[in-house]
Amino acid sequence: MTGNHQTLVPGGHQTLALLLFSAFVAVTLAITTWASRKRRGSAEEFYAGGRLFSPMENGFAIAGDYMSAASFLGISGLIALFGYDGLLYSVGFLVAWLVVLFLVAELVRNCGRFTLADVVAARMRERPVRIAAGTSSVTVSVLYLVAQMVGAGSLVALLLGGTSEAAQAWTVIGVGALMVLYVSLGGMRATTWIQIVKAVLLMGGAIALTVLVLVRFQGDFDQLLRTAAERSGHGDAFLAPGLKYGGDWTARFDFISLGLALVLGTAGLPHILSRFYTVPTARAARRSVVWSIGLIGGFYVMTIVLGFGAAAIVGPDAVRGSNAAGNTAVPLLALEVGGGAASTGGTVLFAIVAAIAFATILAVVAGITLASSASVAHDLYASLRRRRTKPRSEVSVARVAAVGIGVVAIALGLLARDLNVAFLVGLAFAVAASANLPVLLYSLFWRSFTTRGAVWAVYGGLVPAVVLVVLSPVVSGSPESLFPAADFQYFPLQNPGLVSIPLGFLAGWLGTVTSAETPDEAKHAETEVRSLTGAGAV
Amino acid sequence: MENHAGRDPAPVDAGARQVPFDDPWYDAFASGWGELDGTGAPAPLAPPARGEHEGRTARPADIYLEVQRSAAFQEVRGRYRRFVVPAVAIFFTWYVGYVVTATTAPGFMARPLAGSVNVAMIAGLGQFLTTFLFTWAYARHARLRRDRAALDLRWDTQELTRSVRGGER
């Protein structure tokens, strides 16, 4: 398999993949209709699905929200291309859940209502804090959405042959339109069920592929690694760190920066935080996280097998030939382990995996859109418009916001088409870790934290993170950049986390110590008591 | 005190008293505490925060301060922090150590251990393993050492806020 863009597959299995995907769309639309039938139109219902999901349901939904196209397509692709360095993503994405479990999930469930800003605003002057936290939440969500859109685009490129730019663009637009429909009609209840269905499908697909890969090597993981190393052309270096991030010190710092962003970013992702509000108590929130850690951990172990399996069975050259960033390694692997492009087994398996990847993208996109529309309506709109609005109208605003965010994400998704999905998600994590995590941790644990500290913590993380990305080699100055022709690259690292996360914490501290405001003892006591006991939680 | 709907600490509608915490998975506890006392309300085993200031008039804000200072709350907070602070320190150091070693000492990480499995692979799988272990330990600690006391406190605090609010109305 050589050449850059070719139709890998005869028409038959494209049709099958499209059929399966249409089936998923039909099922999710049915869910949406069913969910909106019971909808009462309250904010409680729209943002939190009535708060009565069970820990297991929510655990699956969290896993569904989290295991994005970036994990399924991106990480396996990175492992297939760069070996061990891709594995860092898997480790970081999983370890991050300890931060969520220990420091965030229960406390946020107890203190907040719908968004991150609720937790912070409970202690502070509401308006500036809401505007700041709302802005950063929307920024993170849009970045994350772009990654999903790029994933959808590259999948279609593989499926339809990639030569048709128009088909790729239309898919991105179609995915965007569908998600807006789900979110604005079904709210959190429909979104949650879509996540659950998707999580089950994704786990099933990953398990099936992993088993097939292991069967091919007679269950000998060692043999799998050896074959992958040989086939990669790098030998044993393929199984050790350094292939992608090993060169100069810039690359190494980039690796550390990424590692930090991954582990600290999850706890600041708005669509993950909003999931904790869909269960009735903090205890249920904790149990959902335990469920999701089990699911996510199992899934990432499988992505390792799939990544090395793709290197061993498909070969890095074929992976790179199909998509330079490696995003299509897993579908190609499915084609091979099913029996090859000419066989029925290969065709069917490829179609199934492609459809699951589509479903994954759709579901994650719906989850993020919902969370960001909540930020727009509940935080930004409610603060920027002083007139007291009824919950009903807030929900209408959220529906409109979902459309607006969809349009922005589609436009950016078309622009960023050629970047690796896992890498793009790394950026979203860096911004979340810099802008959202400091303010969240300070509000929950620091007695003297003030309004100014909160506002500075958000902007002090958000602005450096975004500016550093704009000045980084991702945007300009190298052939792989978004704008290869321009050169305004002044920051060497691709991932800003190493600099912007400490800056976020520093800014929050600085804002607090320089502010004249005396911290409100009673409000701090209220936050602390409520966060640990659940008193007064909605 | 500004008080939008979500921060109202007490269920407001009359007759809601019997459901102070609507957790449908409440019965999953092993310890048998929190059973209904026959009047439809759970029987709190020890009412630690209550009684310290009965008969005193207090604003709702003061109640949280009082609860925060109560020995029962300090105990819950202490238990939470005594577990979480060392645990975060350990897993974060272990993770950062792993990432930094992978970057600065690839030669060490590439050292083969058994067949093609090297130090890096073992360290990576070790991260997975410790994550699962920490999750299990935290869930167990919270279930056995914190949940019960926290729920008692929640109940007491809500009772107190309700009585204060009731007095104001």
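These questions and answers cover chains A and B of a predicted model.

Reader: How far apart are the end C-alpha atoms of helix 12 of chain A, and what span should its residues give?
Author: Helix 12 of chain A covers residues 282-314, which makes 33 residues. At 1.5 Å a residue, the helix should span 48 Å. The distance between its end C-alpha atoms agrees with that, at 45 Å.

Reader: Is helix 12 of chain A mostly covered or mostly uncovered, and which residue follows it?
Author: Of its 33 residues, 30 are buried, so helix 12 of chain A is mostly covered; a residue is buried if 20 or more other C-beta atoms lie within 10 Å of its own. The residue after helix 12 of chain A has a positive phi, near 95°. That residue is A:Gly315.

Reader: How do helix 18 and helix 19 of chain A run relative to each other, and what is the hand of their crossing?
Author: Helix 18 spans residues 437-445 of chain A and helix 19 spans residues 451-470 of chain A. Their axes come within 8 Å and cross at roughly 155°. Angles over 145 degrees count as roughly antiparallel, so helix 18 of chain A is roughly antiparallel to helix 19 of chain A. The crossing is right-handed.

Reader: Which residues make the contact of helix 18 with helix 19 of chain A, and how many are nonpolar, polar and charged?
Author: Helix 18 of chain A brings A:Pro438, A:Val439, A:Tyr442 and A:Ser443. Helix 19 of chain A brings A:Gly453, A:Ala454, A:Ala457, A:Val458 and A:Gly461. By class, the contact has 6 nonpolar, 3 polar and no charged residues.

Reader: Where does A:Ala208 lie, and what does its count of C-beta neighbours make it?
Author: A:Ala208 lies in helix 8 of chain A, residues 165-216. A:Ile356 is 148 residues away from A:Ala208 in sequence, yet 12 Å away in space, C-alpha to C-alpha. Because A:Ala208 has 18 C-beta neighbours inside 10 Å, its class is partly exposed.

Reader: What is the order of the elements of chain B?
Author: Chain B has 4 helices and 2 strands. Of its 169 residues, 30% count as buried. From the N terminus on, the order is α-α-α-β-β-α.

Reader: Which element of chain B gives the most to the side that touches chain A?
Author: The contact takes 53 residues from chain B and 51 residues from chain A. Elements of chain B that give two or more residues include helix 1 (60-69), helix 2 (71-104) and strand 2 (117-118). By class, the side of chain B has 33 nonpolar, 13 polar and 7 charged residues. The element that gives the most, with 19 residues, is helix 4 of chain B.

Note on methods:
Residues numbered from 1 in each chain as written. Chains lettered and ligands numbered in written order. Predicted model: local features only at pLDDT ≥ 70, side-chain atom pairs only at ≥ 80, totals over all residues. Expected span 1.5 Å × (residues − 1). Buried ≥ 20, exposed ≤ 12 C-beta atoms within 10 Å, placed from the backbone. Contact = placed C-beta atoms within 7 Å. Nonpolar A, V, L, I, M, F, W, Y, C, P; charged D, E, K, R; others polar. Axes fitted to C-alpha atoms, helices over the stretch in contact; angles between N-to-C directions. Parallel < 35°, antiparallel > 145°, perpendicular 65-115°, else oblique. Left-handed = near helix turned anticlockwise from the far one by under 90°.
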